[in-house]
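Please look over the sequence and structure first.

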Amino acid sequence: ILVGLFIVVVVLGALVGGKSFGGTIARGIVVRITIPLLLAFCSGLVERYEADNGSQAQATATATPPKPLRTAEVVKVIDGDTVDIHLEGFITTARLLCIDAPEPDQPHGNAAQKHLEELVGGKTVRVEGDEMDGYGRLLLKLYHDASNTSANWRMVRNGYAWDYEPLTCGADYQRAESEARSEKGGLWAEPDPFAPWEWRRR
């Protein structure tokens, strides 16, 4: 459309392009008519662009609302970072994200399992996550009370698990481990406890 208007202006200019007095007047009329039309047209384009982009931004902001957390019942605590849960009609095994707890056959393994049992055993929990690991276990965070503090974080903060780098959840977990170490809580009562990933390589 803009190209068409430009062509019209050029043609009209050529038609009235003589040097006569009449040609000068005609050119003046063309300019006075055409320029406001062009300005109005450009203004309309800007308004349309802003409206379209505003609608697109609003659609983007509302297209992906936060996914509500599902609920599950913890039916069995297998070890310090693994549980069986009843979720959506099925019993499935879940691995707690972000952490690595002592294996059952290593020092502090029983204590870690018992602590997780105290946190979530037999309880209805809210679960976050839907990915699986290489063993077919769901990778989840478990929220066991009304707060937004997960059992995963509690295990680290209370000294019964490590912030696990391959599954880390960031600075909160790193800080929780550092504070548990400083307070010598849980397994950190020992000066240099075996990390589970090192134990598994033995």
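## The linked cysteines

Cys98 is buried, at a relative accessible area of 0%, whereas Cys169 counts as partly exposed with 31% relative accessibility. Buried means under 20% relative accessible area, exposed over 50%, and partly exposed in between (1.4 Å probe, protein chains only).

The structure is a predicted model, in which local features need pLDDT of at least 70, side-chain atom pairs count only at pLDDT 80 or more, and totals for chains, interfaces and linings use all residues. Residues are numbered from 1 along each chain as its sequence is written, and side-chain values use heavy atoms, with hydrogens and water left out.

## The disulfide

One disulfide (a pair of cysteine sulfur atoms within 2.5 Å) is present in the structure. This bond joins Cys98 to Cys169, with an S to S distance of 1.7 Å. The link is left-handed, at -55° about the S-S bond.

The pair connects distant parts of the chain, 71 residues apart. Cys98 sits in the loop between β3 (90-96) and β4 (99-100), and Cys169 in the loop between β7 (162-163) and α5 (171-183).

## The whole protein

Six helices and seven strands make up the elements of the protein. Helices (H or I, at least four residues) and strands (E, at least two) are DSSP runs, numbered from the N terminus. Their order from the N terminus is α-α-β-β-β-β-α-β-β-α-β-α-α.

Of the 202 residues in the protein, 32% are buried.
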